[in-house]
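Please look over the sequence and the model below before reading on.

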Amino acid sequence: MKNLFSLPRAAFLVLLAALLALGWLAHDDYGISWDEHTQLEIGQTNYRYVVKGDPGLYELKDRHYGALFEIFLVRAAAQGSSRDLYLSRHWWTFLAFVGGVAGFFLLLEKITRRGGLALTGCLLLVLSPRIFADAFYNSKDIPFLSACIWAMLALLHFLEKPGWRRAALLAFASAVMIALRMPGIFIIGVALALLAREGLAGRLGFARAAALAAGYLLLSAALAVGFYPVLWRDPLGEFRQALVLMANFPNDNSVLYQGRYIAPQELPWHYLPVWIGITTPIAYLILAAVAAAATFAGWLKQPRRLLAAESTPWLVVSLWLFAPWLAVLLLRSALYDGWRQMFFIYPALVVFAVRGWDGLAGALSSRVGYYSAGRWLSGLALAVLLLPAALWMAREHPFQNLYFNRLAGTDMQTVKMNFDLDYWGLSHRQGLEALLRLDPRSRIKIYADSPVALRNAAILYPKDEQRLEFVDQIEQADYFIGNYRWHREDYPYNDEVYAVWMGNARVLSIFRLRAGQSP
């Protein structure tokens with residue numbers, strides 16, 4: 001009972017309640033991302049297939065995307081206006097993130113055996129600007145991140161005491177991961193590798209390890225098929241196609257990386273670590289790097305420690321962090337739009353950061369002569385660590401998705417010349433709302449440089465949405481709106497009536513095209 005109602009757990013429940021309240025207040029503030037319309041279509045098409053057997057699923061271009069969460073959203077999201085629909089989707093997506101935070105606390109408790117460190121890790125995860133922003137509108141990568149956390153918790157639970165019930169729980173968690181996004185299949189490789197290690201270490205007989213592995217594989221496959229409607233008709237054939245798609249996604253949109261537009265299939269090996277490095281608070285990176293380096297150095301010095309039971313959690317976390325990246329390199333898989341496809345490895349980085357923080361806090365406490373002062377000093381250091389990210393997120397709300405640290409460049413205009421800023425197109429919502437305030441006419445004609453502007457109109461109040469008319473020819477428009485994606489340079493128009501800024505860089509601009517028009 002003491003452990004169940006410990007002070008860190010009580011503090012975590014307070015954090016969780018505060019996070020829910022914050023999410024409810026903030027979920028109305030974000031725009032519609034580039035992919036949300038596609039995700040909605042995936043969910044609706046899969047739902048019609050599940051409920052009515054509609055074969056239209058097999059004609060859908062994106063049918064191999066994992067649809068488990070999208071099917072849930074079809075039932076859970078509000079069915080009123082388009083605004084109600086998207087705001088509801090944002091809220092449910094945020095709840096999926098909150099569920100991941102809860103699982104992360106339990107995971108860190110299991111790894112560190114200390115509730116205070118688990119609470120610290122949850123704060124690091126929540127106060128990660130890009131993760132927090134995507135937690136509202138990214139219904140692909142955020143639920144997958146949360147599912148990955150719970151799957152890793154199930155894996156550690158299984159490895160503590162391998163048995164059939166725990167293998168079944170792990171199989172369920174693995175199948176959910178796969179049904180959310182096909183890259184979730186990596187959990188199976190990690191689980192089998194660590195199960196084989198248990199046999200090599202002598203903690204588990206090889207016959208029992210082989211039986212558990214076979215049972216886990218079969219149950220994972222059966223559940224994955226059950227959770228993945230597109231596999232129902234031809235499991236092997238569709239699964240093979242999904243794997244091919246995962247490795248070679250047909251995306252032709254170039255990516256701005258280090259000042260050059262590069263095809264997603266031709267990105268260099270350092271694309272992922274650089275993007276993580278420039279969009280994660282630097283203090284988190286330093287803590288994680290120090291802890292990871294110390295962990296790997298210990299294994300290199302004493303390789304037999306890799307088989308020791310106390311190394312199991314850190315092997316799991318290391319494989320979680322690095323195996324997917326290595327798979328991307330070996331398969332030459334396409335990455336795009338920053339590193340959102342790989343958000344699911346970020347909690348592993350945070351686990352290492354927590355270990356780094358534990359070492360730093362211990363060093364600070366050891367320099368103080370008595371226990372109480374050491375705790376206060378550690379608490380002060382933690383506040384210094386977390387406060388910059390928290391203040392930035394509050395100040396720049398709701399544009400946390402535009403966070404870059406100083407490693408990206410000396411100012412935001414420099415960053416803009418080298419990396420994609422608002423690739424999701426979320427700033428269009430603020431632009432359209434500003435234009436509606438500036439121009440009182442009942443009909444406003446707009447020419448947009450991307451379809452995401454039209455999609456963001458769907459989150460406006462219906463009476464406001466009806467005032468906007470998007471035209472195909474710029475000659476017909478009263479205004480031009482653009483968010484500089486694939487267009488680093490200034491637009492060739494002079495009469496700017498509104499702009500979204502991040503630092504000294506324009507993120508979105510609206511130009512009046514006809515003299516004499518409002519505003």
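Tyr271, Leu272, Trp275, Ile276, Gly277, Ile278 and Thr279 are the buried residues of α12, where buried means under 20% relative accessible area, exposed over 50% and partly exposed in between, with a 1.4 Å probe and protein chains only. Helix α12 spans residues 271–279 and is mostly covered, with 7 of its 9 residues buried. Its buried residues pack against α6 (129–137), β1 (255–257), α13 (282–301), α14 (312–331) and α15 (346–366). Helices (H or I, at least four residues) and strands (E, at least two) are DSSP runs, numbered from the N terminus. The model is predicted: local features need pLDDT of at least 70 and side-chain atom pairs count only at pLDDT 80 or more, while totals for chains, interfaces and linings use all residues. Residues are numbered from 1 along each chain as its sequence is written, and side-chain values use heavy atoms, with hydrogens and water left out.

Helix α15 also holds serine 366, which counts as exposed because its relative accessibility is 58%. From serine 366 to glutamine 265 the separation is 101 residues in sequence and 50 Å in space, C-alpha to C-alpha.

Two packed helices are described by the angle between their axes and the distance between the axes. Here axes are lines fitted to C-alpha atoms, for helices over the stretch in contact, and angles run from 0 to 180 degrees between N-to-C directions. Helix α14, one of the partners of α12, also packs with α9 (residues 186–200): their axes come within 11 Å and cross at roughly 145°. This crossing is right-handed; a crossing is right-handed if the near helix is turned clockwise from the far one by less than a right angle, and left-handed if anticlockwise. In the contact (heavy atoms within 4.5 Å), Phe186, Val190, Leu194, Arg197 and Glu198 of α9 meet Thr312, Leu315, Val316, Leu319, Trp320 and Pro324 of α14. By class these residues are 8 nonpolar, 1 polar and 2 charged. Ala, Val, Leu, Ile, Met, Phe, Trp, Tyr, Cys and Pro count as nonpolar, Asp, Glu, Lys and Arg as charged, and the others, Gly among them, as polar.

Helices α1 (residues 7–26) and α5 (residues 115–126) have axes 9 Å apart at an angle of about 20°. They are therefore roughly parallel, a term for angles under 35 degrees. Their crossing is left-handed. Pro8, Ala11, Phe12, Leu15 and Leu19 of α1 make the contact with Gly115, Gly116, Leu119, Cys122, Leu123 and Val126 of α5. The contact has 9 nonpolar, 2 polar and no charged residues.

Cysteine 122, in this contact, is buried at 0% relative accessibility. Cysteine 148 is buried as well, with a relative accessible area of 0%. The structure holds 0 disulfides.

Most residues other than glycine have a negative phi, and most peptide bonds are trans. Arginine 113, in the loop between α4 (82–112) and α5, has a positive phi of about 65° and is exposed, with a relative accessible area of 62%. Tyrosine 484, in the loop between β5 (479–482) and β6 (496–502), has a positive phi near 70°, but is buried, at 8%. Histidine 397 and proline 398 are joined by a cis peptide bond with omega about 5°. Proline 398 lies in the loop between α16 (371–395) and α17 (412–418).

Methods: Disulfide = S-S within 2.5 Å. Parallel < 35°, antiparallel > 145°, perpendicular 65-115°, else oblique.
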